[in-house]
Amino acid sequence: MGDVNSKIPASLQAAIEYFSAPEVCFELAKDAKWGSKGPECPNCQSKRLSFIKTRYLWTCLDCRRQFSVKVGTIFEDSPIQLKKWFCAMWLLANCKNGISSYEVARVLTVTQQTAWFMLQRIRYAMHNGTINKMSGEVEADETFIGGKARNMRVGKRMAKIRGRGPMGKAVVFGLLERETGKIRTSVVSTRRKGELQRCVRENVTVGTAVYTDALKSYDGLDSDYAHKVVDHAEQYVDGNVHTNRLENFWSLLNRAIKGTYVSVEPFHLFRYLDGQAFRYNERKLTSAERFQKVLDSIVGKRLTYALVRG
Ligand SMILES: [Zn+2]
C-alpha cells in the first residue's frame, strides 16, 4: 500500500484530477479492501476468480457469483462513482474545521442531499472503524451521557435527562468485540427493547456470544445469540460474562465530555467528536496519510480503541 499512499495528492485540485481516473480508484479501493491477500469471493471466500477487465467485476469460479470492489463497503448499493466518494473522503480527512454538505456538493457537483448522505456514510464508517458485523464474544451495554442512568436515583436521573435536552436523546448504546477490542456506539432515542435489539442485530453476527446486564430490554436476544446476563445487583463479573470493558469505555467517555463540550447536545456532540478526534489524533500526518487512514477505516482495518483493550 506504500506506493499507492505516496501518490495520493496533497491539494484538492490535484485530488480531483487524480481520482478522476477509474483505474486509480479501483486499485486504491481493492488495495485498501483486501491488501496483499488479494480479492476473494464475498459469498464463499474462494480465491478462484475470473476478472472482467472492461467492467471491473469478478466472477467467482466456485459459486459463480459476480461482485465489484464496492461489495461489503460503505460504497455498496450506491450509484455514486468511486471518484466522488474518494474526493469526499479526501475533503473530510483534510479540512481543518470540518466540511459541510454544501461545500462537498459544490466541489463534487452533486446535490446537497447526496453530499449529506455521503458524509454520513463516511463518518459512520470512521465512527465504527469497520463495515463488518462483530463476532466471537461481544459486550453490549447502554449509558446516558453524564452518568449511567440506571444507577442514579430517580430524581437526579430526571434532572440529568432534562438538563441535557429532550428525554431519550442522550442514550448511547455500545458494543465491544472482545477479540479486536473494537467498539461501536450509536445514539438511540430510547432504551426500549425494539431499539436496543435492532442495534444488536444490525451490528452482530447471528450466533455470537452476547453479554449484557439484566436490563429487560435484552430479554429475547437468546433466539439468535448465545446471550448471557450478569446481574449487577448481585455481581459484576461471572467468569467470562461481564461488560467491564464497555463500562470502562463509558467512564473514559464521560470524563472526556465533562472536561470539554458540556453545552453541546449529545447527538451533535458525537458527530462532532468523531471528526475532531480523528483530525486531532492524526494531526502529524500529511494530507495523503490522513486520507489513507480514512480509507483504511472504511474497509475495517483500523480505529481500534487501544484504551479499552483488556
Ligand atoms: Zn464464491
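What percentage of the 310 residues in the chain is buried? Buried residues make up 48%, where buried means under 20% relative accessible area, exposed means over 50%, and partly exposed lies in between (1.4 Å probe, protein chains only).

The model is predicted: local features need pLDDT of at least 70, side-chain atom pairs count only at pLDDT 80 or more, and totals for chains, interfaces and linings use all residues. Residues are numbered from 1 along each chain as its sequence is written, and side-chain values use heavy atoms, with hydrogens and water left out.

**View 1. The whole chain.** The chain holds 11 helices and eight strands. Both are DSSP runs, numbered from the N terminus: helices are H or I with at least four residues, strands are E with at least two. Of the contacts with a separation of 6 or more, 60% join residues 24 or more positions apart. A contact means heavy atoms within 4.5 Å. The chain exposes about 15700 Å², and carbon and sulfur atoms supply 52% of that area. Accessible areas come from the Shrake-Rupley method with a 1.4 Å probe; for residues, only the protein chains shown count as cover.

**View 2. Lys 30 and Glu 27 in a salt bridge.** Side chains of opposite charge can pair when their charged atoms come close. A salt bridge here is a side-chain nitrogen of Lys or Arg within 4 Å of a carboxyl oxygen of Asp or Glu. By this rule the count is seven. In the pair shown, the closest N and O atoms of Lys 30 and Glu 27 are 3.8 Å apart. Both residues sit in helix α3 (residues 22–34); they are three residues apart, so about one helical turn separates them. Lys 30 is partly exposed at 24% relative accessibility. Glu 27 is also partly exposed, at 40%.

**View 3. Asp 62 and Arg 48 in a salt bridge.** The N to O distance is 3.1 Å. Asp 62 lies in the loop between β2 (57–60) and β3 (66–67), and Arg 48 in the loop between α3 and β1 (49–52), so the pair ties together parts 14 residues apart in sequence. Asp 62 is partly exposed, with a relative accessible area of 46%. For Arg 48, also partly exposed, the value is 47%.

**View 4. Arg 201 and Asp 224 in a salt bridge.** Their closest N and O atoms are 2.2 Å apart. This pair links distant parts of the chain, 23 residues apart: Arg 201 is in helix α8 (residues 193–203), and Asp 224 is in the loop between β7 (209–213) and β8 (226–230). Arg 201 is partly exposed at 28% relative accessible area. Asp 224 is partly exposed at 30%.
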